[in-house]
Amino acid sequence: MNRLLLITIFVFLSLTGCSSIQEAYKGNPTPKDFLSHDNADIFMYEGIVYSNVEGVEWVLELDYTIGEQVLEIKKQKKKAFGFRNGTANKLPIGTVIYETNTPVYIVIINGEEIPYLAMVEG
């Protein structure tokens, strides 16, 4: 084969492979992915969206210990634009988020412990 043909094939395969990889990688869900649903109850911490999981059976069975405060809700927004760390769509401003010895984070409102879980891909 001639050299130009080999280079053309290499470039084509390289470009095709890169676009397939980009299409396959979607990344973690964003606030926009959730806020189109009326029942969404989320907050953002360290660039990750956490969602209320109080109805998830395996979460209800967890035996957790509440640890340190990791976040306080500073802003409440109903739209995804400007949704950053410390922002929630339903939790009131001033709500404190606690870590646990499990993947679940806990919010305490009116004495009720509400579990939230990171929404990550894979």
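**A walk through the model**

Mentor: Happy to. This is a predicted model, and its protein chain has three helices and eight strands.

Trainee: What share of the contacts in the protein chain comes from residues 24 or more positions apart?

Mentor: The count takes contacts with a separation of 6 or more. Within that set, residues 24 or more positions apart account for 57%.

Trainee: Which residues of the largest nonpolar core touch the most other members?

Mentor: Nonpolar side chains tend to be buried together in soluble globular proteins. Here the largest nonpolar core has 13 residues. Strands S1 (42-45), S2, S7 and S8 (112-118) each give two or more residues to this core. The members that touch the most others are Phe 43, Tyr 50, Ile 73, Leu 91, Ile 97 and Tyr 116.

Trainee: Let me stay with one of those. Which residues is Leu 91 in contact with, leaving aside neighbours within four places in sequence?

Mentor: Contact here asks for heavy atoms within 4.5 Å. By that rule, the partners of Leu 91 are Asp 41, Phe 43, Ile 73, Gln 76, Ile 97, Val 107, Ile 109 and Tyr 116.

Trainee: How many residues does the second, separate core have?

Mentor: Phe 34, Ala 40, Ile 42 and Val 49 are among the members of that second core. Its residue count is seven.

Trainee: Now the aromatic rings. How is the pair of Tyr 45 and Tyr 50 classed: stacked, tilted or edge-to-face?

Mentor: The structure holds five aromatic pairs. For Tyr 45 and Tyr 50, the ring centres are 6.1 Å apart and the planes stand at 50°. Stacked needs planes under 30 degrees apart and edge-to-face over 60, so the pair is tilted.

Trainee: And how is the pair of Tyr 50 and Tyr 105 classed: stacked, tilted or edge-to-face?

Mentor: Tyr 50 and Tyr 105 are both buried. Tyr 50 lies in strand S2 (residues 48-52) and Tyr 105 in strand S7 (residues 104-109), so the pair ties together parts that are 55 residues apart in sequence. Their ring centres are 4.9 Å apart with planes at 65°, so this pair is edge-to-face.

Trainee: Which residues do ring pairs link into a cluster?

Mentor: The pairs we discussed involve Tyr 45 with Tyr 50 and Tyr 50 with Tyr 105. The cluster linked by ring pairs consists of Phe 43, Tyr 45, Tyr 50, Tyr 105 and Tyr 116.

Trainee: Which residue forms a salt bridge with Lys 74?

Mentor: A search of the whole structure finds one salt bridge. Its closest N and O atoms are 3.9 Å apart, and the cut-off is 4 Å. Lys 74 counts as exposed at 59% relative accessibility. The partner, partly exposed with a relative accessible area of 30%, is Glu 72.

Trainee: Last one: which backbone oxygen lies 3.0 Å from a polar atom of the side chain of Lys 77?

Mentor: Lys 77 sits in the loop between strand S4 (75-76) and strand S5 (87-88), and is partly exposed at 23% relative accessible area. Beyond four places in sequence, Lys 77 touches Gly 82, Phe 83, Thr 87, Ala 88 and Asn 89. The backbone oxygen you want belongs to Phe 81.

Terms used: Residues numbered from 1 in each chain as written. Predicted model: local features only at pLDDT ≥ 70, side-chain atom pairs only at ≥ 80, totals over all residues. Heavy atoms only, no water. Helix = DSSP H or I, 4+ residues; strand = E, 2+ residues; numbered from the N terminus. Buried < 20%, exposed > 50% of the residue type's maximum accessible area, 1.4 Å probe, protein only. Polar contact = N/O pair within 3.5 Å; in protein donor to acceptor, adjacent residues only side chain to side chain. Phe/Tyr/Trp six-rings, centres within 6.5 Å; stacked < 30°, edge-to-face > 60°. Salt bridge = Lys/Arg side-chain N within 4 Å of Asp/Glu carboxyl O. Core = buried A, V, L, I, M, F, W, Y, C linked by side-chain atoms within 4.5 Å.
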